[in-house]
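The following report describes one protein chain for a reader working from its sequence and coordinates.

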Amino acid sequence: MSRQYEQPPAMTIDPEHAYRAIIHTERGDIVLRLMADVAPLTVNNFVFLACNGFYDGLTFHRVIHSPPFMIQGGDPDGTGTGGPGYKLKAEFNDMKHDKGVLSMARTNDPNSGPNRSSDVGATRPSGGATH
């Protein structure tokens, strides 16, 4: 399976719909509530990549165990510098990066996501990092 695409996916989600995703890890599942009403392009991107197996078998390439706890993954290269082959427009909002928040990583270029390390940078609701 190729993990590279020429352009971002067409919008196929309903921004008014509530989406959920589950990341299965060797240490348990992480349940995600995807906020399509806040970041429709980012959620659409995550849903597209997940449904096409982009994340299957990938590891968390960055795990921070001391506060603030954080995990980062979604990079097929496993280095934090890979991605699906395209850039996605930034969707800035007023949400804070508090415990349990899922964000898309990017470089200093606001429209560089998800080419740096795609999509998953979050803390676990219990406060402990998972990998």
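Predicted model: local features only at pLDDT ≥ 70, side-chain atom pairs only at ≥ 80, totals over all residues.

## Aromatic contacts and architecture

One aromatic cluster is formed by F46, F54 and Y55.

The structure contains 3 aromatic pairs in total. One of them is formed by Y5 and F48, in an edge-to-face arrangement. Y5 belongs to the segment before β1, whereas F48 lies in helix α1 (residues 40-51), so this pair ties together parts of the chain that are 43 residues apart in sequence. F48 is partly exposed, because its relative accessible area of 24% falls between the cut-offs of 20% and 50%. Another edge-to-face pair is that of F54 and Y55, assigned so because the planes of the two rings stand at 90°. The geometry of these two pairs is set out below.

| Pair | Centre-to-centre distance | Angle between planes |
|---|---|---|
| Y5 and F48 | 5.1 Å | 70° |
| F54 and Y55 | 5.3 Å | 90° |

The next topic is the strands. Strand β3 covers residues 60-64 and strand β4 covers residues 70-73; the two pair in the antiparallel sense, with 4 bridges between them. Within this pairing, V63 stands opposite I71 of β4. A hairpin is formed by β3 and β4, with 5 residues separating the two strands.

Strand β1 spans residues 19-25 and includes T25. Is T25 buried or exposed? T25 counts as buried because its relative accessibility is 17%, and the cut-off for burial is under 20%. The side chain of T25 also makes polar contacts with the backbone. At 3.1 Å, the T25 side chain reaches the backbone nitrogen of R27. At 2.5 Å, the T25 side chain reaches the backbone oxygen of G28.

At the level of the whole chain, the secondary structure consists of 1 helix and 5 strands. Their order along the sequence follows the pattern β-β-α-β-β-β. The chain has 131 residues, of which 40% are buried. Of the contacts between residues at least 6 apart in sequence, 62% link residues at least 24 apart. The accessible surface of the chain amounts to about 7,800 Å², and carbon and sulfur atoms account for 50% of this area.

How values were computed
Residues numbered from 1 in each chain as written. Heavy atoms only, no water. Pairing = 2+ DSSP bridges. Buried < 20%, exposed > 50% of the residue type's maximum accessible area, 1.4 Å probe, protein only. Polar contact = N/O pair within 3.5 Å; in protein donor to acceptor, adjacent residues only side chain to side chain. Contact = heavy atoms within 4.5 Å. Areas by Shrake-Rupley, 256 points an atom, 1.4 Å probe, with all protein chains shown as cover. Phe/Tyr/Trp six-rings, centres within 6.5 Å; stacked < 30°, edge-to-face > 60°.
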